Amino acid sequence: MGAGILGYGVYIPKFRIKREDIGKAWGGRGKGENSVTNYNEDVITMAVEASQNAVKNSGITPADLGAIYLGTASAPQIEQSSIGTIALTLGCKTTIDLADFGASPRASVAALKACLDAIDAGRIKYGLVIGSDCRLGEPGTEQESNMGAAAVAFVLGKGDVVVQIEKIHSYATAFRDVWRADGQQYIHIFEPRFNREYGYERHVRTAASDLLKDAGRNITDFKYVVFQQPDDRLHRTVAKSIKVTSEQMDPANIFPVIGDCGSASMFLGLAAVLDHAQAGDRILAVSYGSGASDALSLMVSQQIEQKRPREHNYQSYLTSKEYIDYTTFLRHVGTLKKPGKPADLGIPAMTPLLSSYRQAPELLQLLGGKCQSCGYVNFPPSEHRICIRCGHTKFDRVALARRGKIHTYTIAYVLPPGFDETPLPMIIADLEDGVRHRAVGTEMKPEQIKIGLDVEFVFRIISTEDGVNVYGNAFRLARK
Amino acid sequence: MGWNKVALVGVGLIKFGELFDKSFEEMVEEAYLNCINSIDKGFDPKDIKAAWLGECNSRTHGHASISGAALTGNIGLAGIPCTRVENGCPTGSDAFRNGCLGVASGVYDVVLVVGAEKMRDDSTANLLNSATRGHPVLMRGETAPSQFAPLAVRHMYEFGTTKQQLAMVAVKNRANGALDPYSHNQSPITIEDVLNSPMVCLPFGLFDCCPQTDGAAAAILVRADLAKKYTDKPVYIAGFGMGTDTFYIHEKESFTEFVATVRAAKQAYAMAGIGPQDLDLAEVHDCFSWTEIVDYEDLGFCPKGQGGKFVEQGHSKIGGKLPVNASGGLLSKGHPLGATGVAQMCELFWQLRQEVPKQNPKRQVAIKKGYGLQHNVGGRGISNSVVTLLSINP
């Protein structure tokens, strides 16, 4: 039997904007809502949390992974791989095969196919595939009202799969619709009707119909049908033409509550379905992006009962939400910026690239140096080669606990350029392993913060210099 | 009693404030001239054999790499040794301490210590840029207030210290500052003013914070046995101490004290052979209102956790059992980092010699035992402190 999905994990940012509020700003209307990244989130940070969930749910360890393939159309850099940071943060081996798939919201499915091939060819045993996107539409356009943000990760391999991949059928042409040129922040489209009829509808319908024909199946053989959802309407038109019922597709209906999350769109619909699916359910999943579509026939196995995430699942991310207004939305996504140029990171010249090279493992994976003599956990270990408590020089590398209680804190209301999230909490917490740590707080309101509250680490952008992000861990209030 | 190997024979201060019309060099010259011209029996600058300059923020006045020559080269003393000291908030007091060590070593009989800082040639946003400097993750967002504030929050949590008690420090010091002609802030404020001031960094409102200030101060230190050549009323260095702590804030074992202060005070008291009960007054580091409350505890003025009550009961006001910051403190004078510690020495010099009435009689504290304490704490991670004990007792 071929490779399948061993486990899955999702991530949806906490913030939502109602499309009505975007509409109001431009004299229009809107219904439903979109997920919005925080100031300190991007494709990489979202991918990390989804991947951590997926690895945990799959029952393997990061060291078991032979490959990670990321699909995204909104990577933070045009040139500079995103996947290395993700792999290091997860704690993967350096022999791992890493690849960035891009240029289309279908990139994640291209990544999935490549990973399945690598497993079936015997080149790797386990692989991680991620779809992560936070694309932006130009202010005042329909695309602005439609874009959401999310990440989904699948661990692939053979053995105790939760989903078998029965068949994949692709349909690709030279059709060109959505684009974002080098240097542009927003996606653009030419003509909606042209895109609809000759782009999404034709490709998705053809890929799905051909798959059915090829596999000798009827649409009624599928309990669920999951579509890529660039808006609330396109997939319904296709569904009608190939006779998909609302019972089949409504469980994967993510657009009204998340928006168009690009490379994560079809994956997120699939994750939403898997949270409820039963062994023996057959699923049809169809992607679309940039003139190409893939239709997948999937079969849910017995393992789903054990491996279905009970916490940190689609439903829990969906309900952990906070609404923001349009102005705050514009600030979150970087359209509105505080005036002034942020100061450089100072002396000694700790450029983000240098410091993240020197200190990346300890900062991304949160590793301390535990003194073999007195037991004090020194952090950062690269700077403390001599125990600051006792002067001993032999250490064991230990991973810090991911949760703790607030020992004390402050909230800065006055900060220089470069600090978007103000007021900014700074948290000193005693972790569950007794180690004391300090990090900025995120997604906590001043009135919520109290000494003694439970907090957990969350992977975020901590600072930025010359467009290069420094990643690290922040604290957020502990979640289920 | 006291170490008393070195004596302070003259001090000079300039009016602190937003000195947009004065350069760094002018401030230094004015403080130096005020100092040597005020020495009781006259002073010949040729007697100065070495100098120390306390200065932190050199990039703000155009010196890419400032040296001690920024002092001696500007006051007609080019030629003598001069060391620039940069050491966080205790920069001025550490320059003074190094001057004492220079004289006590026997190498120099007479030395000059000048502390000066141009804080106002920089924008407030630039001063806050410490928030982006240092470790890009561990120090993200760390400004002066945001490094003191988590300890204030914990102190309030553990000991019930209140925002009102913090405000009482600001009100007391601003009242004293209104009597000090050298002070930046010259107006008294009320508890309501402090409590209603805009939030800077929880729990500090604007009036819980010292202002952004330019200033300079100077002092002449001599071998104790030569002091009478310059004045009949020398002030002796009874003792000093300096303590350090771990560098990152998360490495602190206690968030209700500054260990650096405790260590510095312990050394200074031991060197002088006295204790806090022997003090007539203290000039302590009150960069933020709460800092003075924890100073009371760290310096042994009151038991741990009682700092809030100490100010509430009026013990630290002029006329109280131990007047603290009769000058108005940093909250009134401001905190030009290099100048602050030396300016505190100026105040103690005048108070111990009972010369404050020349400025304003209401500000003179009663001198009974003849000891005064100077204190600074700060630097990145609030990890260094200097305590100096001055005395009129030979």
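Helices here are DSSP runs of H or I with at least four residues, strands are runs of E with at least two, and both are numbered from the N terminus. The expected span of a helix is 1.5 Å times one less than its number of residues.

Before you start clicking: this is a predicted model, in which local features need pLDDT of at least 70 and side-chain atom pairs count only at pLDDT 80 or more, while totals for chains, interfaces and linings use all residues. Residues are numbered from 1 along each chain as its sequence is written, chains are lettered from A and ligands numbered from 1 in the order in which they are written, and side-chain values use heavy atoms, with hydrogens and water left out.

**Stop 1: a helix in chain B**

Select residues 337-352 of chain B. This is helix α12, with 16 residues, and its first and last C-alpha atoms are 24 Å apart, close to the 22 Å expected. How many of the residues of α12(B) are buried? The count is 16 of 16, so the helix is mostly covered; buried means under 20% relative accessible area, exposed means over 50%, and partly exposed is in between (1.4 Å probe, protein chains only).

Now step just past the end of the helix to Gln354(B), which takes a positive phi of about 55°. Show the side chains of Arg353(B) and Glu355(B) as well: they meet in a salt bridge, 2.7 Å from N to O. The term salt bridge stands for a side-chain nitrogen of Lys or Arg within 4 Å of a carboxyl oxygen of Asp or Glu. Both of these residues are buried.

**Stop 2: two buried residues of chain B**

Next, pick Thr91(B), in helix α3 (residues 91-104) of chain B. Thr91(B) has 0% relative accessibility and so counts as buried. Look for a polar atom of its side chain 2.5 Å from the backbone oxygen of Gly88(B).

Then move to Val377(B), in strand β10 (residues 371-378) of chain B. Val377(B) is buried too, at a relative accessible area of 0%. Among its contacts, leaving aside neighbours within four places in sequence, are Pro90(B), Phe148(B), Phe258(B) and Asp295(B).

**Stop 3: a helix in chain A**

Switch to chain A and select residues 43-58, which make up helix α2. The helix has 16 residues and reaches 22 Å from first C-alpha to last, close to the 22 Å expected. Because 14 of its 16 residues are buried, α2(A) is largely enclosed by the rest of the structure. At its start, a side-chain oxygen of Asp42(A) comes within 2.9 Å of the backbone nitrogen of Ile44(A). Just after the helix, Gly59(A) takes a positive phi of about 85°.

**Stop 4: salt bridges**

The whole structure holds 49 salt bridges over all chains. Zoom in on Arg460(A) and Glu41(A), whose closest N and O atoms are 3.1 Å apart. Arg460(A) is buried, at 1% relative accessible area, and so is Glu41(A), at 6%.

For another bridge, visit Asp121(B) and Lys118(B), with closest N and O atoms 3.7 Å apart. Here Asp121(B) is partly exposed at 42%, whereas Lys118(B) is buried at 0%. Back in chain A, salt bridges with shared partners join Glu41(A), Glu443(A), Arg460(A) and Arg479(A) into one network.

**Stop 5: where the chains meet**

Finally, show both chains together. The contact takes 41 residues from chain A and 35 from chain B. About 3,400 Å² is buried between them, with carbon and sulfur atoms giving 63%; buried area is the accessible area (1.4 Å probe) that two parts lose on being put together, summed over both. In chain A, Arg436(A), Arg438(A) and Ile451(A) lose the most area to chain B, together 16% of what that side buries.

The interface has two salt bridges. Select Glu253(B) and Arg389(A) to see a salt bridge with its closest N and O atoms 3.8 Å apart.

Notes. A polar contact is a pair of N or O atoms within 3.5 Å; within protein, one must be able to donate a hydrogen and the other to accept it, and residues adjacent in sequence count only if both atoms are side-chain atoms. Contact means heavy atoms within 4.5 Å.
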